[in-house]
Amino acid sequence: MLASCNYPSSFATYPFKFLTIKIVEALVARGVTKRYANHTALDQVDITVPEKSIFGLLGPNGAGKTTLIRIINQIINSDGGEITIFGQKLNPDHIGLIGYLPEERGLYKKLKVGEQLIYFARLKGLSKSEAVLKIKVWLEKFEIKDWWNKKVEDLSKGMAQKVQFISTVMHEPKLIILDEPFSGFDPVNAQLITDEILQLKQKGSTIIFSTHRMETVEDLCDDIVLINKSKVILEGTKKQVKAHYRTNTFTVEHRGAFSLNGSLYDLIRQETLEDDFHRSLVKMRTTGSPNQLIQDLTNVTEVFSFSEKVPTMSEIFITLVKGESNE
Amino acid sequence: MNKIWLIIQREFLNRVQKKSFLIATILLPLIFPAIMGVLVYVAKEQKKNATKETILYIDESGYFQSDSTKYIFKPFHGSLEDAKRAFNLDESFGLLYIPKFELTDPNGIKLYTKINPSPTDVADIERIFENHIKDLKMQQLKIDQKLLDQLKTSVTINSVKISEGGQEKSSDSKVLFGVGMGAGILMYMFIFIYGAQIMQGIIEEKMSKVVEVIVSSVRPFQLMMGKIIGLASVGLLQFLIWIILISTLSTVVLGMFGMQSPTQEMMQMNGQYAAATQGSNSLEILNAFTQIPWSYVIFNFLFYFIGGYLLYGALFAAVGSAVDSPAEAQQFMFPITIPMLISYFALFTFILQDPHGPISVWLSIIPFTSPIAMMGRIGFGVPLWQLLLSMALLVGGFILTTWFAGRIYRVGILMHGTKVNYKVLAKWFMQRG
């Protein structure tokens, strides 16, 4: 599959930016930099997270995603740059606005579910009575009301994951940051969480999603940013990114083999499905209308299906990251 | 601030609600006197019911007197070789061989035993000889026992401390010794137990990976201080409960046994001192006991407990944050325990022996050793300037270690699976925010 994605090499070598037209931004980072003794974890990182969207923060391991997330959560400080949240400079008052599910996460094993959630909620700034009300709503929603007095160590892993998710969202944060949210979740819980994430977005929350699971990005994210080696190498809406990485390649299923001569098309591959049925991958050398291709195809073969081959996020990701490391 | 308070509450309730806390707090003050009581009782019973050991003896000198309360001496008639053979066959404890000797030079006496004799056994038998030879010599020199008794004079010095205001207070150095020792050991235990609990708590948070969830809501420094202060309040509560329990219990016990407190028993057991110094009878010890300015001692204990605990607690916290498991923590415990051990051993070797000597004074001023060293000295009276200097340095010391620990902690808690050594710790320490 990969071999078929012949992106222009220039795309991979410099960061691409696309204009975002939305007005309100949940989070804007400008020139955020973090240096350690031996390496730079973040180098002049700019990101813009539109409000009420699901934002994918992508990148290979060690790219600097977690560092950026920790800076947004004020767990560590940046060495340079500025972050604004809903138009305000990042400050300790924002802690209550953010719900954070770290990749390295856990619960107090000896504490009871209820106690634990109340404690977390109060650390986020809720009063005790508020906390109890909100936690009860969530426990009811997940149908785990009777867990209130259970100790975490007596819960199964999947049960603990639900509690963990509740602890992230119970204080109704406007900005939810999920670092590899599905790692360690079983498929049932992963689906449950996915549904919740979509509902939270509908209710007006903004969600930053850090992951290297590209299927989830494909399904959920509206906007993405790709960080590699501490720099942003790609940013934009999922549509824009995908459109940009269109390669004018089309998949055709047809009866009767053909070969395309001439300067307009490249026949990348043709495989036989059964008898005289074939599937071909055709690339247009110039950006023309697909209608032209269909017309030309009907002259040489009988077309059954015709579709554009749009690159998956995974393909874009791998090409860009590989391109960087080949430099 | 509000959040630190939440953490303090959580830590406090977590510990106090545990059964182990309840058990330790209520049972410990009962266990110590109980163990002491049982030991005293057993020792007394043993003395009463001890079966007398048999010792065979061959006396070639004619000087041996075979009356003893501890042993039954059986004469053996025959050669030493025969005696050894006989001794091997029977149940006697020992075989004593006494060759002919001059009174001025009693040499060559041998004690054969099947097991190694204790020093007291040997000393007891030596004393039998010494007493008898002394009597014989007195007879030779024509000294009358009465005359000798008249030569003996018993002197008791009552030490009285005059305070600056001119008030006189009688003191008893043995009681002060006991108070210093008790307070010093208690300090050592408290700092160690509660310091280790801080470390354990932090390692647990790191291992369960809950820590990153928490530090997204509070600053790492707040979490560390909350934990340290929370545990300190548990320690103080425990200490207060002990004080109340012990003081009520001892009042009850004193009333029941007619002024015979267990501490006194211990004092008497403790030593040949007590036996030798005839003057200090139980009443005087009790008197000296009540003369100790308890509120002053307790106040200082609390101050040095809090100070020492904060000083060491911060270091324990730094270690806990740096490692992934309790086993890994061992390597970093060493430098922390060294000053503690130094002050603990110095407590017995210098401080209690010579509370006003230069080593004692310095140890009680240096922040790392002062909590234990000062407790050893406190009963003997410490000049105000030394106390204030020591306290000021202790406060400075824990501010320094807390700052130091905070810098390591904030980095350490977020690190997993890193191989940590001192170089890495130094790097973390230098790292900016």
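Biologist: Which residues of α13(B) are buried?
Modeller: They are B:Ala329, B:Phe332, B:Met333, B:Ile336, B:Thr337, B:Pro339, B:Met340, B:Ser343, B:Tyr344, B:Ala346, B:Leu347 and B:Ile351. Buried means under 20% relative accessible area, exposed over 50%, partly exposed in between (1.4 Å probe, protein chains only). This is a predicted model: local features need pLDDT of at least 70, side-chain atom pairs count only at pLDDT 80 or more, totals for chains, interfaces and linings use all residues, and side-chain values use heavy atoms, without hydrogens and water. Residues are numbered from 1 along each chain as its sequence is written, with chains lettered from A and ligands numbered from 1 in the order in which they are written.
Biologist: Where does α13 of chain B bend?
Modeller: At B:Phe332, by about 50°, and B:Pro335 follows within four residues. The bend is the angle between axes fitted to the seven residues ending there and the seven starting there.
Biologist: Now the sheet. What is the strand order in chain B?
Modeller: β2-β1-β3-β4, an open sheet with mixed pairing. Strands pair if DSSP finds at least two bridges between them. The edge strands are β2 and β4 of chain B.
Biologist: How many bridges join β1 to β2(B)?
Modeller: Five, and the two strands run parallel.
Biologist: And which residue of β2(B) stands opposite B:Ile55?
Modeller: B:Phe73.
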